[in-house]
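Good morning. I will go through one structure today, starting with a strand pairing and ending with the aromatic residues.

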Amino acid sequence: MCGRPLPAPGPPPPIVIGGQSSAGARLAARVGDGWTTRPDLLERLGPVFAEALAVAGRDRHAVSVLVGWEGGRAGQDALRGSPWVDAPRETLAEWQARGADGIVLAARTAAVRSSSAAMRPSLGPWALCCAIG
């Protein structure tokens, strides 16, 4: 077998670290290009992330903070009837005011996948809607 290295991609893809604990938030602050956490943890772990950025001498605006909604694992429509479906722009603005730069919505059923596809244009570049399953 002969290996032929390809040129490195430019720019390199960002490394976003999922951290659902203080240690995860600190790790993301030290070495990540971004940090993602659940909505129920942002308020508690956001200050830990910010402090770790300061200790590492990193600028908050140089990294991304993403909040991810993971529901619907049992085939349930976790987003149906949620503010993300009913008022996506307003809900995004609320989470940005809380410190999130963007969001990740996981769509695990056909109904939610179609809802997330419809929401994507109204949310703009700050949202990633994933179709899973």
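**Strands, core and aromatic pairs**

Start with Thr36: its bridge partner in β3 is Leu66. Please keep in mind that this is a predicted model. Thr36 itself is found in strand β2.

That bridge belongs to a longer pairing. Strand β2, residues 34–37, and strand β3, residues 64–69, pair in the parallel sense, over four bridges. Between these two strands the chain passes through helix α2, residues 39–55, and this β-α-β crossover is right-handed.

Back to Thr36 for a moment. What does the side chain of Thr36 reach at 3.1 Å? The backbone oxygen of Leu66. So the residue that is the bridge partner of Thr36 also takes part in this contact, by the definition of a polar contact as N or O atoms within 3.5 Å. Leaving out residues up to four places away in sequence, Thr36 touches Val16, Ile17, Gly18, Gly19, Gln20, Leu66, Val67 and Gly68.

Next, the nonpolar core. The largest one has 23 residues, and those touching the most other members are Trp35, Phe49, Trp69, Trp84 and Trp95. At least two residues of this core come from each of α1 (22–31), α2, β3, α4 (88–97) and β4 (102–107). Helix α2 gives the largest share, seven residues.

Phe49 is worth a look on its own. Not counting residues up to four places away in sequence, Phe49 touches Ala25, Ala28, Ala29, Trp35, Arg60, Val63 and Val65.

Now the rings. How many aromatic pairs does a search of the whole structure find? Two. In one of them, Trp35 and Phe49, the ring centres are 4.8 Å apart and the planes are at 20°, so this pair is stacked; the cut-off for stacked is under 30 degrees. Trp35 sits in strand β2 and Phe49 in helix α2, 14 residues apart, and the pair links these distant parts of the chain. Both Trp35 and Phe49 are buried.

Trp69 and Trp95 form an edge-to-face pair, with 5.1 Å from centre to centre and 85° between the planes. Because Trp69 lies in strand β3 and Trp95 in helix α4, the pair ties together parts that are 26 residues apart in sequence.

Are these two tryptophans buried or exposed? Buried means under 20% relative accessible area. Trp69 has 18%, so Trp69 is buried. Trp95 has 9% and therefore counts as buried too.

That is the end of my part.

Methods: Residues are numbered from 1 along each chain as its sequence is written. This is a predicted model: local features need pLDDT of at least 70, side-chain atom pairs count only at pLDDT 80 or more; totals for chains, interfaces and linings use all residues. Side-chain values use heavy atoms; hydrogens and water are left out. Two strands pair if DSSP finds at least two bridges between them. A crossover is right-handed if, with the strands pointing away from the viewer, the path from the first strand over the helix to the second runs clockwise. A nonpolar core is a set of buried Ala, Val, Leu, Ile, Met, Phe, Trp, Tyr and Cys residues joined through side-chain atoms within 4.5 Å. Buried means under 20% relative accessible area, exposed over 50%, partly exposed in between (1.4 Å probe, protein chains only). Contact means heavy atoms within 4.5 Å. A polar contact is a pair of N or O atoms within 3.5 Å; within protein, one must be able to donate a hydrogen and the other to accept it, and residues adjacent in sequence count only if both atoms are side-chain atoms. Rings of Phe, Tyr and Trp (its six-membered ring) pair if their centres lie within 6.5 Å; planes under 30 degrees apart count as stacked, over 60 as edge-to-face and the rest as tilted.
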